[in-house]
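Dear colleague,

After it come my notes on what was found.

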Amino acid sequence: MNGPPPSFQLLPGAPDSPVLLHVPHSSRAIPADVRAGIVLDDAALERELDHITDSHTAEIAAVAAAAAGIAPWRFVNQLSRLVIDPERFPDEREEMLAVGMGAVYTRTTHREALRPDGYDGSGLVRSYFEPYAAAMTAAVDARLAAAGRAVVIDVHSYPSEPLPYELHGDGPRPPICLGTDPVHTPAGLLDAAREAFAGFGGTGTDSPFAGTYVPLKHYGRDERVSALMIEIRRDVYMKEPGGEAGPGLKALGTALAGLVEAVGSLG
């Protein structure tokens, strides 16, 4: 295969569905020219990918899309978050800059060097972050045009034990963490998620990870865009770190399909 894989993929759902499942961190793929700027050797890079990748979350979203009565749309990052992290603010608003994990990471999950000191990530932002953000914005605009509203559901996972990079790792780590936004997460959406994922041992809110993804064009401006982050503790469905998935994957996909269907009735 010539050249790097595509940066992202928009997978169509039902024409009138308002739901967009966003899967930003499921891939391990790193283009060769980007790999050249990472200081880890191959073995260390594989270990870092085990820790940092939300493994199998694209498959969970695929199960949900197949099971939902009205199929959601899916926007899936085809590259590792070690290329760029599309969910970070691209400027000083990003709190993860404190641990070298802004839009372009310079440190690892264990706060070790990922890229050289003084690394200029602006080229990666132009090549990958900005096109991704523009495409995601267009995908949300398309749901608004088709359905009159858009519901972005972020599909993530997180380790059962905190990693050194976590800024808020001392809080609760429920099986399902629901990340919210004060403007863009209505109570009905949060309640529907709690009900959909009630069978996995408990849900919590905004711990250990808070917030959810809304394109900057709409963020704080357009309440027709609602959003919720689903953070699944990895021991619920896979062998940690970076191992194979278990039967929890299908169950989670089915639960996510239930949330997608409930969102359809909230309109």
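**Aromatic pairs**

One aromatic cluster is formed by Phe8, Phe75 and Tyr132. Please keep in mind throughout that this is a predicted model, and that the values below were computed from it. The structure holds six aromatic pairs. In one of them, the ring centres of phenylalanine 8 and tyrosine 132 are 5.7 Å apart and the ring planes stand at 85 degrees; planes over 60 degrees apart count as edge-to-face, so this pair is edge-to-face. Since phenylalanine 8 belongs to strand β1 and tyrosine 132 to helix α4 (residues 122-147), the pair ties together parts that are 124 residues apart in sequence.

Seven strands form an open sheet with mixed pairing, in the order β1-β3-β2-β4-β7-β5-β6. The edges are taken by β1 (8-11) and β6 (203-205), each of which has a single partner strand, so one side of each is left without a neighbour in the sheet. From one strand to the next, the twist averages 20 degrees.

Within this order, β2 and β4 run parallel and are joined by four bridges; leucine 20 stands opposite valine 152 in β4, and valine 19 stands opposite valine 151 in β4. On its other pairing, β4 runs parallel to β7, with nine bridges joining the two, and serine 157 stands opposite isoleucine 232 in β7.

How enclosed is β4, and what does each of its faces contribute? Nine of the nine residues of β4 are buried, so the strand is largely enclosed by the rest of the structure. Both faces are covered, with Ala150, Val152, Asp154, His156 and Tyr158 buried on one side and Val151, Ile153, Val155 and Ser157 buried on the other.

The length of α6 can be checked against expectation: at 1.5 Å a residue, its 19 residues should span 27 Å, and its end C-alpha atoms are 27 Å apart, which agrees. The buried residues of α6 are Gly248, Leu249, Leu252, Gly253, Ala255, Leu256, Ala257, Leu259, Val260 and Val263, and what covers them includes β2, α3, β4, β5, α5 and β7.

**Nonpolar cores**

The largest nonpolar core has 32 residues, of which Ile153, Phe197, Ile230, Leu256 and Leu259 touch the most other members. At least two residues of this core come from each of β2 (19-23), α3 (57-67), β4 (150-158), β5 (176-179), α5 (187-196), β7 (225-233) and α6 (248-266). The largest share, eight residues, is supplied by α6.

Leaving aside residues up to four places away in sequence, isoleucine 230 touches Ile153, Asp154, Val155, His156, Ile176, Cys177, Leu178, Ala193, Phe197 and Leu259. There is also a second, separate core of 29 residues, which includes Val99, Leu114, Tyr128 and Tyr165.

**A loop residue**

Lastly, proline 162 lies in the loop between β4 and β5 and, at 41% relative accessibility, counts as partly exposed. Not counting residues up to four places away in sequence, proline 162 touches Gly169 and Arg173. Between proline 162 and glutamate 244 there are 82 residues in sequence and 20 Å in space, C-alpha to C-alpha.

With best regards

How values were computed: Residues numbered from 1 in each chain as written. Predicted model: local features only at pLDDT ≥ 70, side-chain atom pairs only at ≥ 80, totals over all residues. Heavy atoms only, no water. Core = buried A, V, L, I, M, F, W, Y, C linked by side-chain atoms within 4.5 Å. Buried < 20%, exposed > 50% of the residue type's maximum accessible area, 1.4 Å probe, protein only. Contact = heavy atoms within 4.5 Å. Pairing = 2+ DSSP bridges. Axes fitted to C-alpha atoms, helices over the stretch in contact; angles between N-to-C directions. Expected span 1.5 Å × (residues − 1). Phe/Tyr/Trp six-rings, centres within 6.5 Å; stacked < 30°, edge-to-face > 60°.
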